[in-house]
Amino acid sequence: MGTGGGTPVAAKDNAAVRIVHVAGQLAESRQVLLRRTLTQAATEGAPAVVVVLSVTSGQERQAQQVSAVLAASSVPTIAYVRGANSAAGTAIALSCRHIIMAPGGRLGRYATEGDTQAWRSLFENNAAATGRNRLVAAAMADATVKVPNYTASSAYTLTLTPDRAQTLGFSEGTATTVEEALQFFSLGRFRTVDVTVTPGDQLTGILQNVYVRMVLVVLIMMAILAEIKLAGIGAGMAVAVVAGIGLYVSGASTMNFDFRVMAAFMGSILCLGIELVIPGSGVFGVTGVILLYGSLFYFLGANVAAVYFLAACTVAAGVVFFLLARWLPHSRGLEKLVLHQRQQTAYGYRSQKDYSSYVSACGRTITVLRPAGIIRVDGERIDAVSTGMFIERDVAVRVLRVEGGRVVVEPLPERSL
C-alpha cells in the first residue's frame, strides 16, 4: 500500500477506510467530495480511501481535475471498478494507486466521447504516474494504437475486462464487494465509513462550474463599472466583494487559492474605492485594476486558459453593462421611480417671470436706483436697474429693454407721464 504517487502515511489502528461512491455523470461536487475526503483521511491517518467507480459520462476537464486530486493524495487510493465506466471513470481509475475490478466491470473509452488526443494524453499521464503501461493506456483511448493479442480492429478502442486488466497489470484482482477488495491489501481489520455528498459539497461544486465562475467574474466587473458610473461606494462594491468571496470559497484544481490571493482581491476593491472617493492622479485606480486582474488570474488557475477566460469576461461585462445602461432607464420597473416630466415653458414652468410685455411701459421708482432698485409699473413691484445713472425715489421711468430677468429703465421727464 505504500507504493505509488504521494508520500505514504502511517495508518492508525482506530482509523477507518473511507469509501467514496462516484457514479453516473461526473460532476464538480465529486471533486469537492474527494478533496474533502482525502484531506480528512490524511489528518486522521486513514489506511486507504476506496473510490467506487461507475461513471457513465463526464468531461475531460472534470476527469483531469479529479485525477489531479487523487494523484496528490498522501493516502493510498484504491479504485473499485463496477460496471462499464466511461472515459472519465477510466481516467480516475488510472490515477489511483491500486485498481480492483468487480465482476462485469469495464474500463475504456467510448468511440464517441470527446477529443481522442485529449483523452489519450490524460490516460497515458495517469498510467505513467502510477507505474502502469502507457501503451495499454493509449490503446484504451485511441483505436489506432494496438496492443498485441488484445486489439484486432482499428474501429474499437481497447476495453479492459476484469481478467484482461489483471493480465495486463492494470488490476490487482477481482472482488464482488468492497470488503472483499480490502482483503487484497490486508485492510479487512479496519472499519469502513461511507462518505456522501453534503449540501456544502454541492454548493461548492456549483461554484466551481465554469459557467457559474464566468457569471461571478462578469458580475464583479459589472459591479465595479456601476460604482464608477454612479461615482460612489455602495451596493456595487458590496456585490463585487460577495462575488469574490464566492470564487474564493469554491476552491480550485490548483494550489493558487490561498489567503494572499484573497487579500490581493480585497486590496483591489479598497484601492478602487479610494480612487472613487478621492480622485487623484490615478495611482490608486491603476493599482486597483492590477490587483483585481492579478487576483482573478490566480483565482482561475494562473495559466493561459485563465487569460482567455478573463478576456472573455471583460468583453462580456462591457457589452452587458452597456446594454443594461441603455435599457434599464426605459424599463417598466424603473419608470415608476423616475420622474419623466420636465419643467418646460410649454407646460407653464419658468425659472423667472417674463417681463418682456413691459418694454416701453412707464412707471415710477419706489426706491433709489444705484443702479439697482425697485420700481412700480401698473401697480406691480419690479426689480429694475438703470442704464448706469443714479435715479432718486419717486421718479418717472420707462422700461427700455428686458434681458432675461433683468429690467433696464431710464428716467423720464415728469410731464411725459
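**Close-up views of the predicted model**

**Figure 1. Pairing of β6 with β9.** Gly363 has Val397 as its bridge partner in β9. The model shown here and in the other views is predicted. Strand β6 covers residues 362-365 and strand β9 residues 396-403; the two run antiparallel and are joined by 3 bridges. Cys362, a residue of β6, is partly exposed, with a relative accessible area of 34%.

**Figure 2. The hairpin of β9 and β10.** Strand β10, residues 406-411, pairs with β9 in the antiparallel sense, and the pairing extends over 6 bridges. Within this pair, Arg401 stands opposite Val408 of β10. There are 2 residues between the strands of the hairpin, and Gly404 adopts a positive phi near 70°.

**Figure 3. The largest nonpolar core.** This core, the largest in the protein, contains 47 residues. The residues with the most contacts inside the core are Trp119, Phe123, Leu160 and Phe170. Leaving aside residues up to four places away in sequence, Phe170 touches Leu94, Ile99, Arg132, Asn133, Val136, Ala137, Met140, Leu160 and Ala165. In soluble globular proteins, nonpolar side chains tend to be buried together.

**Figure 4. Thr130 in the loop between α4 and α5.** Helix α4 spans residues 116-129 and helix α5 residues 134-141, with Thr130 in the loop between them. Thr130 counts as buried because its relative accessible area of 17% is under the 20% limit. When residues up to four places away in sequence are not counted, Thr130 touches Leu94, Ser95, Cys96 and Arg97. Leu94 is also touched by Phe170.

**Figure 5. Two cysteines, Cys271 and Cys362.** Cys271 is buried, with a relative accessible area of 12%, whereas Cys362 is partly exposed at 34%. The number of disulfides in the model is 0, with a pair of cysteine sulfur atoms within 2.5 Å as the criterion.

**Figure 6. The whole protein, for orientation.** The protein has 14 helices and 10 strands. Of its 417 residues, 43% count as buried. The accessible surface comes to about 21500 Å², and carbon and sulfur atoms account for 58% of that area. Among contacts between residues at least 6 apart in sequence, 63% join residues at least 24 apart.

Methods. Residues are numbered from 1 along each chain as its sequence is written. This is a predicted model: local features need pLDDT of at least 70, side-chain atom pairs count only at pLDDT 80 or more; totals for chains, interfaces and linings use all residues. Side-chain values use heavy atoms; hydrogens and water are left out. Helices (H or I, at least four residues) and strands (E, at least two) are DSSP runs, numbered from the N terminus. Buried means under 20% relative accessible area, exposed over 50%, partly exposed in between (1.4 Å probe, protein chains only). Contact means heavy atoms within 4.5 Å. Accessible areas come from the Shrake-Rupley method with a 1.4 Å probe; for residues, only the protein chains shown count as cover. A nonpolar core is a set of buried Ala, Val, Leu, Ile, Met, Phe, Trp, Tyr and Cys residues joined through side-chain atoms within 4.5 Å. Two strands pair if DSSP finds at least two bridges between them.
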